[in-house]
Each structure stands twice: as structure tokens, then as C-alpha cells.
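Please walk through this chain with me, from its overall form down to single side chains. Keep the model open as you read.

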Amino acid sequence: MNITSRGLVSSIQDRYILLLKHYLESSFSYEYSKEYYVSALDRLCDLRVLSEEHAKILLQVNPVDVEPLMLEVLNLK
């Protein structure tokens with residue numbers, strides 16, 4: 001939301017995607033690398049959803065009900 005250089009972020013993301021694809025092609029056969037590539041991108045989507053859900057849960061946590069150590073870990077002070 002607060003990203004000012006969306007084009008730069010997009011080009012860097014594209015480079016990493018190509019690096020992943022080339023790495024998989026060099027490590028596995030072309031057939032398997034294609035499957036692994038699709039699987040890795042699916043996992044990234046799953047990770048994004050999980051991260052969003054986790055953030056929603058953390059926003060609902062009442063700091064008064066949390067132990068001091070967890071307050072420090074979650075940075076809720």
C-alpha cells in the first residue's frame with residue numbers, strides 16, 4: 001500500500017522469478033522443473049494468504065491478556 005516505486009519492485013520480483021525458474025531448470029529435468037516451478041508459485045500464494053490471516057489474528061490480540069515474554073516476541077508493547 002505504501003510502496004512508492006511499484007515498477008522497481010515489480011522488476012526485482014520478475015528477476016527473482018526468472019532466477020528461480022533457471023535454477024530449477026539447471027537442477028532438475030525440464031519436465032520436473034516446470035512442475036516444481038508451478039508448485040513453488042502456488043506455495044508462495046498459500047504463504048501470502050497464511051500471512052494475511054496471521055496478521056488479522058495478531059491485530060485482534062489484547063495485549064493485557066498476553067504474557068510478558070509473548071508481548072516482547074510479538075512486539076505488542
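This is a predicted model: local features need pLDDT of at least 70, side-chain atom pairs count only at pLDDT 80 or more; totals for chains, interfaces and linings use all residues.

Residues are numbered from 1 along each chain as its sequence is written, and side-chain values use heavy atoms, with hydrogens and water left out.

Start with the fold. The chain has three helices and zero strands. Helices here are DSSP runs of H or I with at least four residues, strands are runs of E with at least two, and both are numbered from the N terminus. Read along the sequence, the pattern is α-α-α. Two of the helices are α1 (6-27) and α2 (30-59). Helix α3 covers residues 68-74.

Next, the overall dimensions. The C-alpha trace spans about 55 × 30 × 20 Å along its principal axes. How does the radius of gyration of the chain stand against that of a compact globule of 77 residues? The chain has 19 Å, whereas such a globule would have a value near 11 Å. The radius is taken over C-alpha atoms, and the globule rule is 2.2 Å times the number of residues to the power 0.38.

Now the surface. The chain exposes about 7100 Å². Carbon and sulfur atoms supply 60% of that area. The areas come from the Shrake-Rupley method with a 1.4 Å probe; for residues, only the protein chains shown count as cover. Of the 77 residues, 6% count as buried. Buried means under 20% relative accessible area, exposed means over 50%, and partly exposed lies in between (1.4 Å probe, protein chains only).

Turn to the largest pocket. Its volume is about 170 Å³. A pocket is found on a 1 Å grid over the protein atoms alone, as an open set of points where a 1.4 Å probe fits, with protein on both sides within 12 Å along at least five of seven lines. Grid points are joined across faces, edges and corners, and the volume is the space filled by probe spheres set on the points. Lining residues have an atom within 4 Å of a point. Here they are Gln 13, Ile 17, Leu 41, Leu 44, Cys 45, Leu 47 and Arg 48. Helices α1 and α2 each give two or more residues to this lining. Helix α2 gives the most, with five. By type, the lining divides into five nonpolar residues, one polar and one charged. Nonpolar covers Ala, Val, Leu, Ile, Met, Phe, Trp, Tyr, Cys and Pro; charged covers Asp, Glu, Lys and Arg; the others, Gly among them, are polar.

Look at the aromatic rings. Rings of Phe, Tyr and Trp (its six-membered ring) pair if their centres lie within 6.5 Å; planes under 30 degrees apart count as stacked, over 60 as edge-to-face and the rest as tilted. The count comes to two aromatic pairs. Phe 28 and Tyr 36 are edge-to-face, at 4.7 Å centre to centre with 75 degrees between the planes. Tyr 32 and Tyr 36 are stacked, at 6.3 Å and 20 degrees. Both of these tyrosines lie in α2, four residues apart, about one turn of the helix. Phe 28 is partly exposed at 38%. Tyr 36 is partly exposed at 37%, and Tyr 32 at 44%.

Finish with two buried residues. Ser 33 sits in helix α2. It counts as buried because its relative accessibility is 3%. Its C-alpha lies 25 Å from that of Val 9, 24 residues away along the chain. Leu 71, in helix α3, is buried at 14%. From Leu 71 to Tyr 37 the C-alpha separation is 38 Å, across 34 residues of sequence.
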